[in-house]
Amino acid sequence: MKVLWLTSWYPNRLDAANGDFIQRHAKAVSLFCDVHVIHLEPDKNDTLTAATEVSIYQEGSLTEEIVLYKLCGMPVIGRLLSYMRYIARFKKHIRAYLQQHGPPVLVHVHVPMKAGILAMWLKRKYGVPYVVTEHWAIYNDYAPDAFEKKSLVFKNFTRKILKEAAMFLPVSDDLGKAVIRMAIKVPYIVVPNVADTTLFNYETMHQRPFTFFHASTLGYQKNPGAILRAFKKFLRVNPQSRLVMAGYAGEWPGYANELGIPARNVEFTGFIPYVQVAMLMKQADVLVMFSRYENLPCVIIEALCCGLPVISSNVGGISEIVNQSNGMLVPAGNEDTLLQALIQMYMNRQQYNRAYIAQNAAALYAYSVIGQQVAGIYQSVIDKNITLVGNKH
């Protein structure tokens, strides 16, 4: 089955973390389909020496075509010209794909705006159906870039893209309902994020002292300051415990020092590869997330696949995967309940069966499981499209 992926986010040389969860979806689906990804990424920092830079990577049945391009330098009409160039360049690479491979049986869009505009064009011009996966945590009232705050153009295009899609595949049920509530009423099938279980799996590598682990961008959405404040108070219970925070550290080491957290108790790793993230998870006791808003964080799925119990704020679709058997949920923003959860998890840590947590998670989120689910959805869409085309004759 030959499928073309058009992505609004995807890892690239300019931003290795941009939509890395989409890349993992692509690897999962490529176990069952021939997946060709086309992604265009603007050079916001003006580092390119040429107008465009094209890189093609191939691994098994997955081909990744990454196009980096310069933005228009004209301040007044720059945004319009950049948009027009984006569409023109994207069409150019799609046409080249069609000339070399012929039309795909299906197009899969990840994040509707802006790549979904090209999927609508392909559908109208060549009759190729498309499905849409949404990952963006903007369908709420809390995000600074919430959907309702977006431009009218953004909102209208998002609604059109979703309306014309053959299937909508949000990564959580919460996200599907939020899109219906804030954007457009469309049917959906939940396809959760995935974990590479060759890396994220259960091993008896536990170390002392008792260790909390957090991995994220360490930005506003993830609320790392609150985790540090709660951990500072937790040290009264266990002064030997540690907090390891992976991600772009920024100002947080200085903030931890201001709080008076001893350097021996907290570690900021900076941006690290997934192999190291998996290793740190296996050595830790608990994953701590305290996001202000979310969809379905991959780091929680990966932690569960390592058998790591989770403490998280109850936001987005997290309650769909975290329960009493594998963790604890607390209200977002309530630092007192976060502290109590840290204490309870420490005191009751023996009640969590890490091997059992890992086994259950792998059965739900491994590449082979999600890849097969998506391939089945593709086939149902293709069969339906063939029927519709046949009825026209």
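**Exercises on a predicted model**

The protein has a mean pLDDT (the predictor's confidence in each residue, from 0 to 100) of 94, and 96% of its residues reach 70 or more. Residues 388-393 fall below 50, and beyond near neighbours in sequence this stretch has 0 contacts (heavy atoms within 4.5 Å) in the model. This is a predicted model, in which local features need pLDDT of at least 70, side-chain atom pairs count only at pLDDT 80 or more, and totals for chains, interfaces and linings use all residues. Residues are numbered from 1 along each chain as its sequence is written, and side-chain values use heavy atoms, with hydrogens and water left out.

**Exercise 1.** Classify the angle between helix 6 and helix 7.

Step 1. Helices (H or I, at least four residues) and strands (E, at least two) are DSSP runs, numbered from the N terminus.

Step 2. The axes (lines fitted to C-alpha atoms, for helices over the stretch in contact; angles run from 0 to 180 degrees between N-to-C directions) of helix 6 (residues 224-234) and helix 7 (residues 252-259) come within 10 Å and cross at roughly 30 degrees.

Step 3. Angles under 35 degrees count as roughly parallel, over 145 as roughly antiparallel, 65 to 115 as roughly perpendicular and the rest as oblique. Helix 6 and helix 7 are therefore roughly parallel to each other.
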